[in-house]
Amino acid sequence: MKEKLDILLKNKGLSATSLARMLGIQPSGLSHILSGRNKPSFDLVVKILRAFPDLNPDWLLLDSEEIFRTEAA
């Protein structure tokens, strides 16, 4: 998950502090996840998916190749 969050930060042009603020969590909590010390809770994953509705949950959780949702044809 650490790598996925790094990719998300880079893709959205966000700092870890700004993402923590968006998610309503302590920057230190996010820092622990980004350093690999802690794993994100289910509640944090839900907050991430709600904050970024265009994010593909299958990419975040199941290693799908597409980072963002695609429109149905």
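**View 1. Asp63 lies in the segment after α5, in a predicted model.** Helices (H or I, at least four residues) and strands (E, at least two) are DSSP runs numbered from the N terminus. Residues are numbered from 1 along each chain as its sequence is written, and side-chain values use heavy atoms, with hydrogens and water left out. In this predicted model, local features need pLDDT of at least 70 and side-chain atom pairs count only at pLDDT 80 or more, while totals for chains, interfaces and linings use all residues. The phi of Asp63 is near 65°, a positive value in a residue other than glycine. Most residues other than glycine have a negative phi. Asp63 counts as exposed, at 60% relative accessibility; buried means under 20% relative accessible area, exposed over 50%, and partly exposed in between (1.4 Å probe, protein chains only).

**View 2. Asp63 and Lys4 form a salt bridge.** The closest N and O atoms of the two residues are 2.9 Å apart; a salt bridge is a side-chain nitrogen of Lys or Arg within 4 Å of a carboxyl oxygen of Asp or Glu. This pair links distant parts of the chain, with Asp63 in the segment after α5 (57–62) and Lys4 in helix α1, 59 residues apart. Lys4 counts as buried at 13% relative accessibility, whereas Asp63 is exposed at 60%. A search of the whole structure finds three salt bridges.

**View 3. Lys12 and Asp54 form a salt bridge.** Their closest N and O atoms are 2.9 Å apart. Lys12 is partly exposed at 31% relative accessibility, and Asp54 is partly exposed at 33%.

View 4. An α-helix has 3.6 residues a turn, so residues three or four places apart point the same way. Lys2 is partly exposed at 30% relative accessibility, as is Asp6 with a relative accessible area of 31%.

**View 5. Helix α1 (residues 2–12) packs against helix α3 (residues 27–34).** The angle is about 120° and the axes are 8 Å apart; axes are lines fitted to C-alpha atoms, for helices over the stretch in contact, and angles run from 0 to 180 degrees between N-to-C directions. Lys2, Leu5, Asp6 and Leu9 of α1 meet Leu30, Ile33 and Leu34 of α3, where contact means heavy atoms within 4.5 Å. The residues of this contact divide into five nonpolar, no polar and two charged. Ala, Val, Leu, Ile, Met, Phe, Trp, Tyr, Cys and Pro count as nonpolar, Asp, Glu, Lys and Arg as charged, and the others, Gly among them, as polar.

**View 6. Helices α2 and α3 pack with their axes 9 Å apart.** Their angle is about 120°. That makes α2 oblique to α3. The contact is made by Ala16, Leu19 and Ala20 of α2 with Pro27, Leu30 and Leu34 of α3. Its residues divide into six nonpolar, no polar and no charged. Angles under 35 degrees count as roughly parallel, over 145 as roughly antiparallel, 65 to 115 as roughly perpendicular and the rest as oblique.
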